[in-house]
Amino acid sequence: MANINYNSPSCAVGGGNAPQTLDAVRQFDRKKNWNIFRATSYDRGGSSSDDTPGVALNDVALPHSYIAAALRCSPPSRNSAGPAPVCCFHRDCGMLLDETPLFEPSLLQEIDWSNNTVTFSPPISPSSPGEGLVLRPLCMADFNRGFFKVLSQLTKTGDVTPEQFAKKFEHMKSTGDYYVIVVEDTNMGQIVATATLITEHKFIHSCAKRGRVEEVVVSDMCRGKQLGKLLVTALTLLSKKLNCYKVTLECAPKNVAFYQKFGYAASDETYMQCRFFD
Ligand SMILES: CC(C)(COP(=O)(O)OP(=O)(O)OC[C@H]1O[C@@H](n2cnc3c(N)ncnc32)[C@H](O)[C@@H]1OP(=O)(O)O)[C@@H](O)C(=O)NCCC(=O)NCCS
């Protein structure tokens with residue numbers, strides 16, 4: 001264990017460029033190549049009109065290339081029983097990966113669950129997805145919660161850097177058409193399932209929108225617990241709530257029966273593609 005005093009890079013956090021001071025105890029786990037941080041005190045350095053207090057860090061594990069900072073980041077959608085929200089700076093680029101949601105979290109809570117076409121036994125819903133679980137929009141901090149580990153169980157993800165992830169996230173957020181949802185196991189601080197709804201804008205059908213469900217995957221440790229049903233139901237009902245005239249998806253033949261549960265039916269059209277790279 002070594003005491004460290006870390007002055008963060010000069011990114012604007014909490015409304016200013018004031019240096020953030022984190023007095024913490026750091027333990028480096030060589031085997032996992034992780035730093036474990038435990039903050040003992042926290043003080044906002046410099047002057048700022050924003051007096052929001054920081055949060056304590058307790059045994060936060062981060063890859064070696066990251067530095068944790070206990071900052072003002074506790075959005076209401078986060079389960080207070082879970083690990084303390086943490087802002088993470090990549091050691092090289094100083095990039096802040098924070099808890100800002102990709103889209104408005106209330107959209108998920110406002111879904112009319114009575115319209116769902118599948119049976120949940122025991123009953124679960126977007127607001128109660130199960131003990132120790134939270135269903136919510138993706139946020140940047142999920143980069144450090146195994147988001148890509150889950151996606152890699154679906155397809156090749158490539159070696160995505162924090163910069164690439166943050167840039168893509170910002171782009172998706174700015175368009176307002178990307179609804180990437182995740183299920184987080186709040187005890188482990190890990191993403192265990194994800195799915196995406198994209199809305200496409202059309203001139204046809206009176207300038208309607210069309211929805212596409214993509215990248216549905218549940219971590220192999222958590223399959224068979226109704227999370228797949230929860231994700232697909234949530235996104236299908238969300239597409240309806242967003243006034244899409246239809247919602248479509250492409251799937252492997254072995255998953256056809258799964259999607260039929262939600263009202264999806266194979267269409268007469270043939271799915272074609274020109275693939276440029278994997
Ligand atoms: C397909 C997948 C998302 C299902 O998630 P899951 O959380 O294990 O599924 P659930 O627990 O919600 O199961 C829901 C129901 O569908 C059934 N089911 C699950 N996978 C199925 C499949 N491939 N085909 C038919 N039925 C399936 C279950 O038996 C269950 O039935 P029930 O409601 O009658 O009990 C998950 O297996 C997965 O991530 N697979 C790998 C990635 C993948 O193939 N994604 C789909 C890309 S198109």
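Visitor: What makes Lys-202 count as buried, partly exposed or exposed?

Guide: The model is a predicted one. In it, Lys-202 has a relative accessible area of 22%. Buried requires under 20% and exposed requires over 50%, so Lys-202 falls in between and is called partly exposed.

Visitor: Which class does Glu-200 belong to, and why?

Guide: Glu-200 has 23% relative accessibility. With the in-between class running from the 20% limit to the 50% limit, Glu-200 is therefore partly exposed.

Visitor: Why is the contact of Lys-202 and Glu-200 called a salt bridge?

Guide: The N to O distance between their side chains is 3.0 Å. The cut-off for a Lys or Arg nitrogen and an Asp or Glu carboxyl oxygen is 4 Å, so the pair qualifies. Side chains of opposite charge can pair when their charged atoms come close.

Visitor: How many salt bridges are there in the whole structure?

Guide: The search finds 11. One of them joins Asp-142 to Arg-136, with the closest N and O atoms 2.7 Å apart. Both Asp-142 and Arg-136 are buried. Another joins Asp-278 to Lys-156 at 3.7 Å; this value is still within 4 Å, so the label holds. Asp-278 lies in the segment after α6 and Lys-156 in the loop between α2 and α3, 122 residues apart in the chain. Asp-278 and Lys-156 are both exposed.

Visitor: What makes Cys-207 exposed or buried, and what about Cys-244?

Guide: Cys-207 has a relative accessible area of 55%, which is over 50%, so Cys-207 is exposed. Cys-244 has 13%, which is under 20%, so Cys-244 is buried.

Visitor: How many disulfides does the structure have?

Guide: The search of the whole structure finds 0. A disulfide would need two cysteine sulfur atoms within 2.5 Å.

Visitor: What surrounds the ligand?

Guide: The ligand has 19 residues around it, with Val-216, Val-218, Gln-226, Lys-229 and Asn-255 the closest. By class, the shell holds 9 nonpolar, 4 polar and 6 charged residues. β11, α5 and α6 each supply at least two of the shell residues.

How values were computed
Residues numbered from 1 in each chain as written. Predicted model: local features only at pLDDT ≥ 70, side-chain atom pairs only at ≥ 80, totals over all residues. Heavy atoms only, no water. Near = heavy atom within 4 Å. Helix = DSSP H or I, 4+ residues; strand = E, 2+ residues; numbered from the N terminus. Nonpolar A, V, L, I, M, F, W, Y, C, P; charged D, E, K, R; others polar. Buried < 20%, exposed > 50% of the residue type's maximum accessible area, 1.4 Å probe, protein only.
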